[in-house]
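Let us walk through this structure step by step. Keep the sequence and the 3D view open as you read.

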Amino acid sequence: MVEARTLDREEPDFYGAGPALLPTDVLQQAAYDLISYNNDIVGIAEISHRSKPAIAVIDDTKDNLKKLLEIPDNYEVFFLQGGGTTGFSSIVYNLFANHAKKTGKKGRAAYAVTGSWSSKAAEEAKRLGFEVDIVVNTKASNYDDIPPYTEWEPIEENTSYLWVCDNETVHGNELKDTPGSDYLPKDVELVADMSSNILSKKVDISKYGVIMAGAQKNVGIAGLTIYIIRKDLLEQSSDDELRKLDIPLSPIATHFPTVVKNNSAYNTIPIFACQVLKLVTDKLLKEGGLEEKEKVNNKKAELLYKVLDSYPNFYILPVKNPKVRSNMNVVFKLPSEELNAKFVAEADAANLKGLKGHRSVGGIRASIYNAVSLSSVERLAKFVDEFAKANS
């Protein structure tokens, strides 16, 4: 007998780091859209990426992001295929081409290495042949803190941009502010990878030259990356000029001016992924925007960190400085590998899923993204408390 299938589900207590939990009502609508979009005979994934309905999805998603993040008029929003890793290369290609346009020189790039993702970004820029300066690197202390900007190395002359990862998913730290003019020179752009905390809090967009975010961690599904860029940074030297300066050319699929000119549809945009992002941003707007979402996210993080901190001899928090602990990815360990495994197994049995730490660091990781409710974090905090009492 075939079991009847339904789009209904109980709200899962799922803390996976990405791909991550999405709101059930968003997934239900997306499922219907896959079968029939706007009551058409075909679904959203079957329509042309340059059709009127697809362009409307792109435009509506961009408009939602502009409203939620209060993006100034002198910024452009666009989408690329791929995730944050694509941004490691696309941004360096395009910003070096812009730097050449402004200065007539081949520039350099500065990177703040505060976790595995910023480290990978810097390594990719080096691998592609660009000059990279590391202005801070906390690997020696296992990324347990982010020093104040006054302790970072000075930025070299002829630097195009400073790259930061706003939230390190693996190591669980998060930048809580941006460098001021006392550290960041006026002509150096601030570039932020916000793949795991985009739309989790209010952001002053005007402080950034570029923001990049893979959607699949906090606000969507894999396959789509959000870019927010100040429009003047889209100006680039010609291909011939770049060749003369020995600056590698960006592949056309990640050439920002081309992508923007074609409204993110120069090649086939993953339109279903864009539709999911549209539905998520529709929901965020209806629920009061980022001010309300940030309040809830702060409560969730405070609740979970409070119970962990109440057992300092049992739960080991690798991020030593509470001021830079991530609101999105709460990482911790127990006194032994056996207890780590027992915690994950017993949590799984209690239907608290997705808590195993990243393979490179082990331990436990609770990713409490936007879609994870306060009540779900309350259930996790209760389990954390009871597990410590039973195993200390």
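This is a predicted model. Begin at aspartate 33, which sits in helix α1, residues 24-35. Aspartate 33 is buried, yet it has no salt bridge. Which side chain of opposite charge is nearest to it? That is lysine 278, 7.3 Å away. A salt bridge needs the two charged groups within 4 Å. Beyond its neighbours within four places in sequence, aspartate 33 is in contact with Gly43, Ile44, Gln275 and Leu279.

Now move to helix α7, residues 271-286. Gln275, Lys278 and Leu279 are among its buried residues. Others include Ile271, Ala273, Cys274 and Leu284. Helix α7 has 16 residues. From its first C-alpha to its last it reaches 22 Å, close to the 22 Å expected at 1.5 Å a residue. What covers its buried residues? The cover includes helices α1, α2 (52-69) and α8 (289-309), along with strands β2 (75-81) and β10 (224-230). After α7 comes glycine 288, with a positive phi near 110 degrees.

Next, find strand β13, residues 364-367. Both of its faces are covered. Ile364 and Ala366 are buried on one side, and Arg365 and Ser367 are buried on the other. Strand β13 pairs with β11, residues 329-332, in the antiparallel sense over four bridges. In this pairing, asparagine 329 stands opposite serine 367.

Finally, step back to the chain. An unreviewed UniProt entry lists residues 15-380 as "domain: Aminotransferase class V". Over residues 15-380 the chain is 36% helix and 16% strand. The end C-alpha atoms of that stretch are 9 Å apart.

Technical notes: Residues numbered from 1 in each chain as written. Predicted model: local features only at pLDDT ≥ 70, side-chain atom pairs only at ≥ 80, totals over all residues. Heavy atoms only, no water. Helix = DSSP H or I, 4+ residues; strand = E, 2+ residues; numbered from the N terminus. Buried < 20%, exposed > 50% of the residue type's maximum accessible area, 1.4 Å probe, protein only. Lys, Arg positive; Asp, Glu negative; His and termini not counted. Contact = heavy atoms within 4.5 Å. UniProt positions renumbered as here; feature names shortened; annotations may be inferred. Expected span 1.5 Å × (residues − 1). Pairing = 2+ DSSP bridges.
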